[in-house]
Amino acid sequence: MVSLPPGPCEIDFERFLMLTYVRFADSLSAWFGKAFAWLIILMTFGTAYEVLVRYVFNAPTPWSLDVAFIMYGTLFMMGGAYTLSRGGHVRGDFLYRLWPPKVQAGVDLVLYFVFFFPGVLALVFAGFKYASRSFGYAEVSVNSPAGIPIFQFKAVIVAAGLLLLIQGVAEVFRCIMCLRTGIWPAPPDDVKETEDLLMDEAAKAETRSGGLS
């Protein structure tokens with residue numbers, strides 16, 4: 001029997017399924033990223049409090065350094081999938097941006113399977129080993145005399161890795177759709193670089209001044 005190529009309806013249904021998954025992964029990554037972003041506020045107040053009691057009252061706390069490390073590490077790890085979903089990770093743009101979208105998608109697709117997924121899977125398995133060992137003896141920090149418990153935060157490694165895996169599959173689907181259409185599916189527009197915002201404002205100002213003249 002000769003296999004026929006997929007018809008337009010099959011391709012549209014596949015695209016629908018991929019877009020549905022991409023939206024789910026983007027929303028999930030955004031929820032975790034924005035929720036853990038509030039740790040910035042807690043770190044700010046914690047650091048300000050430490051500076052106050054250390055330099056004004058000469059009574060430094062034994063826990064501030066550990067808590068800052070824990071919160072920053074948690075923020076960094078749990079924000080990784082959100083950053084990936086918005087295309088915010090560092091890449092070699094000096095060559096990449098000159099390529100056609102289909103070439104970009106092909107290179108990205110290969111690199112996801114060669115580097116990204118093996119690395120993230122290693123992170124999940126190694127993180128699970130570290131977390132289970134840490135829970136086993138109720139690990140505490142050795143960086144300060146306060147002995148802050150840190151075993152529960154080792155689980156963040158596993159959670160962050162799983163989020164990256166979910167988002168990585170969505171990025172693979174984006175690559176496949178771009179290879180088929182030659183157009184990158186646009187990520188949600190809830191984050192913009194400061195440079196882009198300034199350029200948008202300059203363009204709006206120029207448009208207004210042109211209209212007035």
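Is Tyr49 buried, exposed or partly exposed? Tyr49 is partly exposed, at a relative accessible area of 41%, where buried means under 20%, exposed means over 50% and partly exposed lies in between, computed with a 1.4 Å probe on protein chains only.

Good morning, colleagues. The model under discussion is a predicted one, in which local features need pLDDT of at least 70 and side-chain atom pairs count only at pLDDT 80 or more, while totals for chains, interfaces and linings use all residues. Residues are numbered from 1 along each chain as its sequence is written, and side-chain values use heavy atoms, with hydrogens and water left out.

I turn to the aromatic rings. Twelve aromatic pairs occur in the structure. The rings considered are those of Phe, Tyr and Trp, the last by its six-membered ring, and two of them pair if their centres lie within 6.5 Å; planes under 30 degrees apart are called stacked, over 60 edge-to-face, and the rest tilted. One of the pairs joins Tyr49 to Trp63 in a stacked arrangement, with 6.2 Å from centre to centre and 10° between the planes. This pair links distant parts of the chain, since Tyr49 belongs to helix α2 (residues 39-55) and Trp63 to the loop between α2 and α3 (64-78), 14 residues apart. Helices here are DSSP runs of H or I with at least four residues, numbered from the N terminus. Trp63 is also partly exposed, with a relative accessible area of 31%.

Another pair is formed by Tyr112 and Phe117, and here the geometry is tilted: the centres are 6.4 Å apart and the planes make an angle of 45°. Tyr112 and Phe117 are both buried. Ring pairs also tie Tyr112, Phe113, Phe116 and Phe117 together as a cluster.

Which residues does Ala146 contact, leaving aside its neighbours within four places in sequence? They are Pro62 and Trp63, a contact being heavy atoms within 4.5 Å. Ala146 is partly exposed, with a relative accessible area of 34%.

Next, a pair of buried residues. Gln104 is found in helix α6 (residues 101-136) and is buried at a relative accessible area of 9%. Tyr96 is found in helix α5 (residues 93-96) and is likewise buried, at 12%. Apart from neighbours within four places in sequence, Gln104 is in contact with Tyr96, Arg97, Trp99 and Trp184. On the same terms, Tyr96 touches Arg91, Gln104, Asp108 and Trp184. Between the C-alpha atoms of Tyr96 and Val107, eleven residues apart along the chain, the separation is 9.2 Å.

I come now to helix packing. Two packed helices are described by the angle between their axes and the distance between the axes. The axes are lines fitted to C-alpha atoms, for helices over the stretch in contact, and angles run from 0 to 180 degrees between N-to-C directions. Angles under 35 degrees count as roughly parallel, over 145 as roughly antiparallel, 65 to 115 as roughly perpendicular, and the rest as oblique. A crossing is left-handed if the near helix is turned anticlockwise from the far one by less than a right angle, and right-handed if clockwise.

Helices α2 and α3 pack at about 165°, with axes 10 Å apart, and they are therefore roughly antiparallel. The crossing of α2 and α3 is left-handed. On the α2 side this contact involves Leu39, Ile40, Leu42, Met43, Gly46 and Glu50, and on the α3 side Ser64, Ala68, Met71, Tyr72, Thr74 and Leu75.

How do α3 and α7 pack, and at what angle? The angle is about 20° and the axes are 9 Å apart, which makes α3 roughly parallel to α7. Here the crossing is right-handed. Thr74, Met77 and Met78 of α3 meet Val156, Ile157, Ala159, Ala160 and Leu163 of α7.

For α6 and α7 the angle is about 165° and the axes are 8 Å apart, so α6 is roughly antiparallel to α7. Their crossing is left-handed.

Finally, α7 itself (residues 155-181) has 27 residues and reaches 40 Å from its first C-alpha to its last, close to the 39 Å expected at 1.5 Å a residue; that expected span is 1.5 Å times one less than the number of residues. After α7 comes Gly182, whose phi is positive, near 80°.

Notes: Helix = DSSP H or I, 4+ residues; strand = E, 2+ residues; numbered from the N terminus.
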